[in-house]
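This report looks at two protein chains and at the side on which they touch. The sequence and structure come first, followed by notes on each part.

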Amino acid sequence: MMTVRSRLARAVAVGAALALALPLAACGGGDSGGDADEIHILVYGDATNKVETQLVETFNKTSKVKAVLDTIPGADYQTKLQTIINTNQAPDIFFNWGGGSITPFVKANLLMPLDDMIAKDPGLKSNFLPSVFNTAVVDGKSYGVPMRGTQPVLLFHNKKVLADAGITPPQTWDELLAAVNTLKGKKITPIALGGGDQWPTQMWYQYLYDRVAGPELFAKALGGDKSAWDSPDSRRALELLRQLKDAGAFGTNFDSVKFTDGGSPALLSSGKAGFELMGSWNYSTHNDANPTFAAKDLGWTAFPSVPGGKGDPRNVVGNTNNFYSVLKKTKHPEAVAEFLKLQYSDEFVKAQLSIGNLPTTTNTDKFLDTATNPAYSKFQFDMVKQAPSFQLSWDQAYPPAATTTIHQAVQQYLNGRMDANGFIKAMQSLQAG
Amino acid sequence: MATTTVAPPLMTEERRSGRRSGGQNLGRPGFAWALPATLFFGFFAIVPLVLVVVLSFTSWSGIGSVEYVGLANWRRLAADPTMTQSLWLSVLLTALGVAVQTPLSLLIGVWAAGHQRNRAVLSAIFFLPLLLSMTAVSVLWRVLLDPNFGVPGQLPGLFGDGNLFGSRTGAIGVLVFVSSWQFIPFHALIYQGAARAVPAVLYQAAEVDGAGRWGQFRHVTLPQLRNAMITSLVLMVVGGLTTFDTVLILTGGGPGTDTTITAYYMYEQAFKSFDFGAGAAIALLLVVVATIISLIVVRVSGYDKMRSTMEGL
Amino acid sequence: MTRRRPNWIAGIGAMFWLLLVGLPIYVMVSITVQTRAGYGQNGPISLPDTFTLENYTGAFSEGFGRYFLNTVVVTASVVAIVLLLVPPLAYAIVRSRSRFTSAVFRLFLLGLAVPAQAVVVPIFYLINTAKLYDNLLGVILPTAAFCLPVCALILSGVMRDITSDLYEAMAIDGAAPGRVFWQLVLPLSRGGISTIAVFSALQAWNGFLFPLILTQSESTKVITLGLYNFQTQHGINVPGLLAAVVLSMVPVLLVYLFARRALVQGLMGVGGK
């Protein structure tokens, strides 16, 4: 025992000596500040970074001021962004979702309005679909340029499950209810729902509120008119949702299922569920996990219309796009403007399409055939282009501080822990920022 | 390993008072020897603790400046049902953890102190959960307990619809179970060490007195394990109150706010809602509650008078 | 020490526990050697019908190697800081007659009651102000600081067991504190030093909260955070995730196999002698 221990002690001593040298070496490379001629671009870290890296390289070929791409991976992006935006680590340009994700920064006077840049190069605005561009307009000023793909929410289905049950994809709410009953009779969970993540639940509210009341109700509420939540339309949307859940549409254990850990996509692809309401990234999720299913049996439609509803059935909800916003304190506004212009270049559009994203520039049309799945891209692009309204996801329309409350309220009303009054009260407690 | 971060003040008081005499001042180290560590610790633990107090009277969102708001945070929290609920939940989770872990770790510890065949191999397996970080354990169980593709999906007879994360009882049950899974081996170790140190004479004497197995356990083992039990209890209480990783990864405080315990609520307020003032106030409350409960346990149990129970390890 | 008849109740409890521990570990390992598609069809309890190591290699290609290296850097540095600061501190606590030193000892006792969770907000603020945000050093420093109280207690406990005769013998030789420390105290507290090394290494290796709050980018990510991010990504690969979990355990397992006693003592944070 003794020998083992003294050997260990010696090893520890050697390790300690090594360790003293290591962090100095390792930490040295980490600083992102410096007064070099650089602009730092901060983006959400995921597969799309490929394209961003490519564009940065293109930019650096001609620019004297060099662009540096920094990424923050995973679900913590907004948290981390908020914690560094007012420090020296703050980037010059950063990825965001528009809407509420930037209003706190606008209010804190940290962002640069892009209207002057647009005056010099009108293309920075006119080359993008208006319904998308407007998401990053705050108090009448433009604060963002679209920089990735649009992500509308679609009603996905398993073609084989529907065919076996003899149902066609529902166009109306009543057809959806009928499909739910048929599937339930066959012991299949009608609709997969990753309730554990909470935001998939929110998608049902967004569409139902839009179909029943039109986009105006939420716009009013976001604008500070809290009575909107207590309107008859609001209560009717809640009632329809309750009705759907009580019909057994989501099964009983939906709050234990997550989309993020692959649970709800697997329900759909394995035929244990018939439908799933999900963002357009769902296609690549399935394509990664089970390419055969994605190619053969994955189907999609728009959200059904609701009888007597005020909302146009062509309306869409989801993430309109992601945006690049610019910090006021950037030292190189001209270089930034040059970089932003790349976001409507042909190179950008082709690169995005090649990895399955759907850009929202007006020239996207031309290149749709080069997409990984042209039919899917075309369906979405037409849907977004023709939509009278594109409602940004609620948790992104409100400032980040509201997210937890919204997520908890949508979960608790759907699972029955909260009644309609409770939900309305929770939503009325939100600060619009 | 949250429980190990706050070990009890072991084995010090009595010896300290006993050993102070004798020797000259010659060759004794001065205060300078303690200075670097003290400064370092003061900067990262004591200064932040003071700052927590200060921040709890301010409003700060991380992007603006820090503003003094007096008692506003405290008033808001006092009226906040989630806050009150989080305190109850923390206490409930801790109590359930103690109720589940104590008997099992006592049994396993006493068993492992014996001399059965294969004991070494078996105790090695007992140990495995301790080798994983809390993060890894939480990730593992999140996968294993998935209602459709985890164990519940394969054993519907045992788990019903498997809605473990979707109901209050289920989610609390999962948290208690997963923490127990990870920490029972740890507490069993404490008991094992103490049980080995029980003098065999005591058992022989009890046997002579005609005590059966239960009698021996009740009258010899248990009293001899008293100090070990107190150590284990203190660690469980402090660990339970500061549980964070498991909640973040397994339930995210949900469903709804059903598992939003105080430590998680602090994180949520500070780092998700960017209300650092409220977060600091909750943190302060957490320190106060943890200290009070530890003190109560220590006083009630006479822990402060004990010697080290772990010398037999 | 010898105990008598087998203890049935405890035995049954132990067997029950064995199942409860053994099964999940078995399931975890068995999932990691299946392909992603195979896992989707089989479910967790079923025997794997395919065998592959692609999940392990895959974990490395998804950045696990980098996380591993970062964690090693953090762990080694935390241990180094602890080993630099604690032995002199413990020596002073045990031998110094200064009033300040006993005040310091009480300070560290108080520190035991401060959970790291409670001070993350100001620590975040401090690290940010010191421009150490998203820098491994920013994780290393607070992690090491929160190891100090337990380590100081352990090591001062061990050093107290060095009898005063030995100190006096050296004092008569006219040895200065420095020499006493190097020639007497350090060699006689090797057991305690290895305990605090293992204890602080475990704290650093398994640490989650500080990296979660204080780092952001891929280049500063440690294993625990990597596991957490793995899980919050869209379309998670379960066998790959669990392979990463298994890999994260390997170094601790090695220490367990080769230095079991130090590990156990380090785990429990108690003095080795």
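## Chain B: burial and fold

Of the 313 residues in chain B, 55% are buried, a residue being buried if 20 or more other C-beta atoms, placed from the backbone, lie within 10 Å of its own. This is a predicted model, in which local features need pLDDT of at least 70 and side-chain atom pairs count only at pLDDT 80 or more, while totals for chains, interfaces and linings use all residues. Residues are numbered from 1 along each chain as its sequence is written, and chains are lettered from A and ligands numbered from 1 in the order in which they are written.

Chain B holds 16 helices and two strands, where helices (H or I, at least four residues) and strands (E, at least two) are DSSP runs numbered from the N terminus. An unreviewed UniProt entry places the feature "transmembrane region" at several spans of chain B, among them 120-144 and 164-184; such annotations may be inferred rather than shown by experiment. Residues 120-144 of chain B are 92% helix, with end C-alpha atoms 28 Å apart, and residues 164-184 of chain B are 81% helix, with end C-alpha atoms 22 Å apart.

## Where chains B and C touch

In all, 92 residues of chain B are in contact with 95 residues of chain C, contact meaning that the C-beta atoms, placed from the backbone, lie within 7 Å. Helix α3 (residues 35-55) of chain B supplies the largest share of the chain B side, 12 residues.

## Chain C

Chain C has 13 helices and zero strands, and 59% of its 273 residues count as buried. Its C-alpha trace spans about 75 × 65 × 30 Å along the principal axes.

Conventions:
A residue is buried if 20 or more other C-beta atoms lie within 10 Å of its own, exposed if 12 or fewer, and partly exposed in between; C-beta atoms are placed from the backbone. Two residues are in contact if their C-beta atoms, placed from the backbone, lie within 7 Å.
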